[in-house]
Amino acid sequence: MRSIAEAFPNRLCGVLRTENAEAGFQACLAAMEAGVQSIEITKTVPSCFELIKGLIATTFGRYPVGVGTVWDPGAVKEAKAAGASFVVTPVVLPEVAEACRQEDMLCVLGALTPSEIYQARLAGAALVKVFPIAPVGGPRYIEALNGPLGGVPFWVSGGVPIEEVGAYLRLGVKVVGLTASLFPPEALARRDMERIRQNAERAARSAAEAIGD
């Protein structure tokens, strides 16, 4: 099993949601080359496991790639076979955590409330994905959670703007997930890879500055 630091070397993760697997593949490569060192391919992307295999082969395994929006424990075995480094769920699913334990895969369980966060850790999550973070207050919500739940390794996702990457990392968040702010739907539709590169560069710069503070 990869450690959190190995799976997320610069504490950023691009989260790809698209119906166009080919455009998504090019977008992920652009983001990786520009500084976002980990990618999550959601199961809603067509042929997601083939996409994961392709990204790993094309980059010679330099960048960790995981699978997200996992509801079914059976997908964990498929993820491992594809070479994925981690598995992410949208909600607390102990059965997926157990499958990850059996397959020796890094497990990220989605949660929102303090009780759900506690249940996710109890179930065996290495990371707890606080999702969706934007509607519940963004960095201020993490600041509030850090009092009673300060030892929990958080991933934040769901409406995170690139401008807030530094704020989350300075609050001790382990991983910041970037979806539409890194891969804007209109940029994917137009195959505007330059815009995606620029987004990735900005995010990587913000992360480096925050980690170096």
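A search of the whole structure, which is a predicted model, turns up three aromatic pairs. Here, rings of Phe, Tyr and Trp (its six-membered ring) pair if their centres lie within 6.5 Å; planes under 30 degrees apart are stacked, over 60 edge-to-face, and the rest tilted. In one of the pairs, phenylalanine 8 and tryptophan 155 have ring centres 5.3 Å apart and planes at 85 degrees, so they sit edge-to-face. These two come from distant parts of the chain, 147 residues apart: phenylalanine 8 lies in the loop between α1 (4–7) and β1 (12–16), and tryptophan 155 in strand β7 (residues 154–156). Helices (H or I, at least four residues) and strands (E, at least two) are DSSP runs, numbered from the N terminus. Phenylalanine 86 also pairs edge-to-face with tryptophan 155, with centres 6.2 Å apart and planes at 65 degrees. Phe8, Phe86 and Trp155 make up one aromatic cluster. Both phenylalanine 8 and tryptophan 155 are buried, and phenylalanine 86 is buried too; buried means under 20% relative accessible area, exposed over 50%, and partly exposed in between (1.4 Å probe, protein chains only).

What about disulfides, meaning pairs of cysteine sulfur atoms within 2.5 Å? The count is zero. For cysteine 13, the nearest cysteine sulfur belongs to cysteine 28, 9.4 Å away. Cysteine 13 is buried, at 1% relative accessible area. The sulfur of cysteine 48 is 12 Å from its closest partner, in cysteine 28, which is too far for a bond.

Residues are numbered from 1 along each chain as its sequence is written. Local features need pLDDT of at least 70, side-chain atom pairs count only at pLDDT 80 or more, and totals for chains, interfaces and linings use all residues, while side-chain values use heavy atoms, leaving out hydrogens and water.

Conventions
A disulfide is a pair of cysteine sulfur atoms within 2.5 Å.
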